[in-house]
Amino acid sequence: RKSRKITECSKASNCSATLPYVIGNETGTKLRLLSLFFSSLCFHRALTPHLDFDPDLFQLLNMVKIDQKLAQELAENARKVAIPGKGILAADESTGTIKKRFDNIGVENTEPNRAAYRELLFKTKGMGQYISGCILFEETLYQKTATGESMVELLKAEGVLPGIKVDKGIVPLPLSDGETATQGLDGLGKRCAEYYQAGARFAKWRAVLQIDAAMGKPSNLSIQETAHTLARYAAICQENGLVPIVEPEILADGSHDIDVCADATERTLAAVFKALNDHHVLLEGALLKPNMVTPGNEFKGGMKHDEVAFYTIRTLKRTVPPALPGIMFLSGGQSEEDASLNLNAMNQMGPHPWQLSFSYGRALQASVLKKWIGEAKNVPAAQATFLERAKANGEAQLGKYSGGAGGKEAAGSLFEKKYVY
């Protein structure tokens, strides 16, 4: 009775109900009684079709069985990340991926060097003006600086919410034509509980799909595997207090036009949100990290910012419920400048039912790494570069970016074929 109010059917043959969107502290007995109640209502409805029952009442058995306090925490943290003018720094490169980044600038891939680089980013004064959340690799979540400062505490000092990458990478999808599945569900609940205790408040799981129209990719098998696994992951995260970022990335590899990408993205997102609903995921406490709808990297017609904005917004409006607080785009190998300009073009088409923002890795860090090159004397210049790029994307989130941040260096493509990390 404390968690819901059910108004009895009146003699005037009218039935209505006022119910929360989340059930709190319901026992199995109560749910069985409610099931019987629904059955009797349905039977009565069949005999008396002229009666008008409140449709909200019939959704009760499909609602999320989640503690109200937990639901509120998830929703609040999702809104903290998806806040106007800010976005996510994706600093969750695995040890192998950061090696590639360091190799490009001649820096040895050691734990002290990785810590020094993350410290450079997290100690950038003012980053909290434009960065609301930061995705970490597991090593970084527990890592300290050379002087013993916690990386998590450095982020909190700037008002940045710590997050954690929880998937274990991609593996071949059996009996498919080179498509992949993401692993990491085993033991995920235990790991999420530990990450929460360590200070993480949101998580990220990346699934990867490919486009090849001639080969029928992404296949229905690949889409359904992606949707099911992302939904399982999201439900486990929420059960353990972490806001799940759902990332179904469709790679930009190929020579296809933008219509092909739009079709693949629409089919994928439709399946993902159907699965999230089936698994009772609380959308108000979740976030989406999709690819933008773009032509393939080898498409000869090039990419137009207004065209990317139109197709991406159209796809999202067709598939993403407005209950979701925010959509945090991945950059997908776009140049730093293109990633900002495309986001800006989308937000200039607003208002939208969700916050449209960024969750960039390469598109926030590529120029920073080139400025740093492992030298302590270069830290201030590298931090200034990072802040400039973060500001550009913060302005793009508001639809107020005029372009030009970073100069010519920011215009270079960051595409990597069949990108994994």
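Predicted model: local features only at pLDDT ≥ 70, side-chain atom pairs only at ≥ 80, totals over all residues.
Start with the whole chain. It has 13 helices and 15 strands. Of its 421 residues, 53% are buried.

Now find the barrel. Eight strands close into it, in the order E6-E7-E8-E11-E12-E13-E14-E15. The pairing is parallel. Strands E8 and E11 are neighbours in that order. E8 covers residues 161–165, and three bridges pair it with E11 in the parallel sense. Here Lys165 stands opposite Lys204 of E11.

Move on to strand E14, residues 326–329.

E14 has a partner on each side in the barrel order, E13 and E15. Take E13 first. This strand spans residues 287–288 and runs parallel to E14, joined by two bridges. Ile327 in E14 is the bridge partner of Leu288. To get from E13 to E14, the chain passes through helix H10, residues 305–319, in a right-handed β-α-β crossover.

Then take E15, residues 355–360. Four bridges join E14 to this strand, and the two run parallel. Gln355 of E15 stands opposite Gly326. Helix H11, residues 336–347, lies between the two strands in the chain path, and E14, H11 and E15 together make a right-handed β-α-β unit.

Finally, turn to Lys217. Where does Lys217 sit? Its place is the loop between strand E11 (202–209) and helix H8 (220–239). E11 is also the strand that pairs with E8.

Lys217 is buried. Which side chain of opposite charge is nearest to Lys217? That is Asp177, 4.3 Å away. A salt bridge needs a side-chain nitrogen of Lys or Arg within 4 Å of a carboxyl oxygen of Asp or Glu, so Lys217 has no salt bridge.

The lysine side chain does have a polar contact. Its partner is the side chain of Gln210, at 3.3 Å.

Note on methods
Residues numbered from 1 in each chain as written. Heavy atoms only, no water. Buried < 20%, exposed > 50% of the residue type's maximum accessible area, 1.4 Å probe, protein only. Pairing = 2+ DSSP bridges. Right-handed = clockwise from strand over helix to strand, strands pointing away. Lys, Arg positive; Asp, Glu negative; His and termini not counted. Polar contact = N/O pair within 3.5 Å; in protein donor to acceptor, adjacent residues only side chain to side chain.
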